[in-house]
Structures are given as structure tokens and as C-alpha cells.
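Subject: Structure for your review

Dear colleague,

Please find below the structure that I am handing over to you. My findings follow directly after it, grouped by topic.

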Amino acid sequence: MKILLTGGNGFIGKHLLSELGNFEYKVVSLKSNILDELTLRKEIENIDFDVVVHLAGLSHVTSHSPSLIYETNVIGSQNLISAIEKNFESKRIFIASTCHIYASSNNPISETFLFNPKSHYAASKLAMEFICKNTASRNIIVSLRLFNSIGMGQKKNFFTPKIFDAHMKKKPVIRLGNIEIQREFNDVRWTAAVVRSLVQVNAPSGDYNICSGEAHKASEILSLISEKTEHFPKIVTDVKFLRPDEQNIIFGDPTKTSEILNQNGVQLHRPSINETIEHMITAYKTQFNAKTNS
């Protein structure tokens, strides 16, 4: 199977590339900027592929303007779908959406839950879903609603890499926002395995939560990293990291995704939070020591 991948240089993209390589899939990484419609169309019409995994876009934690977020995530995605529609049919296109499109809930969120995006990023991803589904008349859209993942390669302005960086460098103080919020902290290697598996089983068109259904407080993750690294910095709440619209808890219902995988005989090991943190500590120490000795 030949997979056309966009966003292969991103956090999840790099791990997905590794996962696909382990299963000997042939991956073609898109070279064009998805906002450059003419170049994009020329590239697409000259590529041989079976499936598309579209991860390219601007992420949740970003300093970009709202206009660029919408242009990239919505119009850029529409450009990609339009280019595929012009040249191909019956291609399955997996598009990366987000759990942030959903309304607040204290219960596990299923794919049929109400929408209520509270940020430009979330709104752009919901708009992307609608635009892609409406644009694709000859091809098949599968929406992947990703919940929070952690692992190596994530930018330092995200919570977990910021915490790891501070602990590796033995910083005495870390300035954070609300650490009592609850989120899924899924191992990105597992997230990549779920995406690869959905591609492998030719998941039917529709929406799929990429989630574990297991939530942890940010303070729990912080304490776990402190205990395992034996470093206990002072935690200072900084108002600039507090968001008035931040949801207290976000965790998903994995039933639909699990069922489609189980029906096709796919069983995946999901690392525990302890396994994930221990793996990251080992990787960060190796990375940190390599930089120190270079």
C-alpha cells in the first residue's frame, strides 16, 4: 500500500512515519505547501498512491494569527481535497481533526457528541471537517478526532515537553497555568499505531475518536515526572498561562474506534502512563546528554 502523507515533519507525523516504516508501507511525503494551490495540484496529479493521511496544519498551541489558522487548516485542506478530486476517485482520505471541537462534558465524549469549539484552532478544525466532506464527492473522507498525545518531538510550548525540559535542566521554578485540568496523556507511539491500524483495515467513512478514555490531572503528570527524576521544582501559577475558556476535563469514548479494529482482528498494546513517562525520561536523558557532550 502506498500512502500519501502530509505533515510528516510534525509531532504525530514523524511518529506515524516510523510506525508505517515498521510495517513496510511505502510513504510518499507531500512536498507542496497546501496553500499553494497550483503547485499542489501539479504534484498530486503526478503521484501514485492508494491512501491519503492528512496531518498538515497549524496546531492547538500556536502564536499564529486567526486568519492564518483558518486559511491553513480550512482552505489548505480544501485545496488538497480538490486536487485529489480532480485526478482520482475512490481514494480513502484520513484527515486529522481534534477533540477540541466538542462541547464540554464531565463524561467520556463519543463521536456523536455536541459541537462547541471554543478557540479559533478548534473552530478551524470543525470547519475543515465540513469543508472536506462537502468537497469530496468522488473520494472517501475519514475524520480522525485526536485527543491529547505526549512523546518525543513535541514542541516545548506544550505542557509535557516544558515539564521535561525543566526537570532535565534542574530548573528551580516552573511557571504554569492550571495544573488541575484533566486530559488524556496518550503515548504518541500508540496514537500513531491506531492511525496506522485504521488505514490498514480500510476504516469506513465517518468520524473516529483517537482516544484511550483515560484522563489524568496535569498535576499528576508533573508529580510523576518529579518522582522519577528526583527533582522537585517550585511550581508558580502564572496568569499568562491561564485560559478563561479552558475545559476542566476532556476525555473520549474509544468504543467506535476499538470496535472497528477488533472486528478486523487488530489488538494494540497501549502503554500505561508510567511506561510512557519512563520511556520519555530515558529518551530525554539520552538527548540531553548528547547535547551536553557535543
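In this predicted model, helix H2 (residues 37-45) and helix H3 cross at roughly 40 degrees, and their axes come within 9 Å. An angle between 35 and 65 degrees falls in neither the parallel nor the perpendicular class, so H2 and H3 are oblique to each other. The crossing of H2 past H3 is right-handed. On the H2 side, the residues that take part are Glu37, Leu40, Arg41, Ile44 and Glu45, and they meet Asn79, Leu80, Ser82, Ala83, Ile84, Lys86 and Asn87 of H3. Sorted by class, this contact of H2 with H3 holds 5 nonpolar, 3 polar and 4 charged residues.

Helix H3 (residues 66-87) also packs against helix H4 (residues 120-135), here at an angle of about 15 degrees and with the axes 9 Å apart. Because angles under 35 degrees count as such, H3 is roughly parallel to H4. This crossing of H3 and H4 is right-handed. H3 contributes Pro66, Ile69, Tyr70, Asn73, Val74, Ser77, Gln78, Ile81, Ser82 and Glu85 to the contact, while H4 contributes His120, Tyr121, Ala123, Ser124, Lys125, Ala127, Met128, Ile131, Cys132 and Thr135. The residues of this contact of H3 with H4 comprise 11 nonpolar, 7 polar and 2 charged. Ser82 of H3 is listed both in the contact with H2 and in the contact with H4.

A further helix pair is formed by H6 (residues 188-200) and H8 (residues 255-263), which pack at about 55 degrees with their axes 10 Å apart. H6 and H8 are therefore oblique to each other. H6 passes H8 in a left-handed crossing, whereas H2 passes H3 in a right-handed one. From H6, the residues Val194, Ser197 and Leu198 meet Thr257, Ile260 and Leu261 of H8. This contact of H6 with H8 has 4 nonpolar and 2 polar residues, and no charged residues.

I turn next to the cysteines. How many disulfides does the model contain? The count comes to 0 disulfides. Cysteine 99 takes part in no disulfide, and the nearest cysteine sulfur to its own, that of cysteine 211, is 8.8 Å away. Cysteine 99 has a relative accessible area of 5% and is buried. Cysteine 211, with a relative accessible area of 4%, is buried.

Several individual residues also deserve a mention. Is glutamine 247 buried or exposed? Glutamine 247 has a relative accessibility of 9%, under the cut-off of 20%, and therefore counts as buried. Glutamine 247 is located in the loop between strand S12 (234-237) and strand S13 (249-250). Leaving aside residues up to four places away in sequence, glutamine 247 touches Tyr102, Ala103, Ser104, Ser105, Lys118, Ile181 and Arg183.

Asparagine 293 belongs to helix H9 (residues 273-293). With a relative accessible area of 67%, asparagine 293 is exposed. The C-alpha atoms of asparagine 293 and serine 258 are separated by 44 Å, and these two residues are 35 residues apart along the chain.

Finally, there are two backbone angles to report. Most residues other than glycine have a negative phi. Serine 90, which is not a glycine, has a positive phi near 65 degrees. Serine 90 sits in the loop between H3 and strand S4 (92-98), and at 55% relative accessibility it counts as exposed. Lysine 170 is not a glycine either, yet its phi is positive at about 55 degrees. Lysine 170 is placed in the loop between helix H5 (159-168) and strand S7 (173-176). The relative accessible area of lysine 170 is 46%, and this residue is partly exposed.

With kind regards

Conventions: Residues numbered from 1 in each chain as written. Predicted model: local features only at pLDDT ≥ 70, side-chain atom pairs only at ≥ 80, totals over all residues. Heavy atoms only, no water. Axes fitted to C-alpha atoms, helices over the stretch in contact; angles between N-to-C directions. Helix = DSSP H or I, 4+ residues; strand = E, 2+ residues; numbered from the N terminus. Parallel < 35°, antiparallel > 145°, perpendicular 65-115°, else oblique. Left-handed = near helix turned anticlockwise from the far one by under 90°. Contact = heavy atoms within 4.5 Å. Nonpolar A, V, L, I, M, F, W, Y, C, P; charged D, E, K, R; others polar. Disulfide = S-S within 2.5 Å. Buried < 20%, exposed > 50% of the residue type's maximum accessible area, 1.4 Å probe, protein only.
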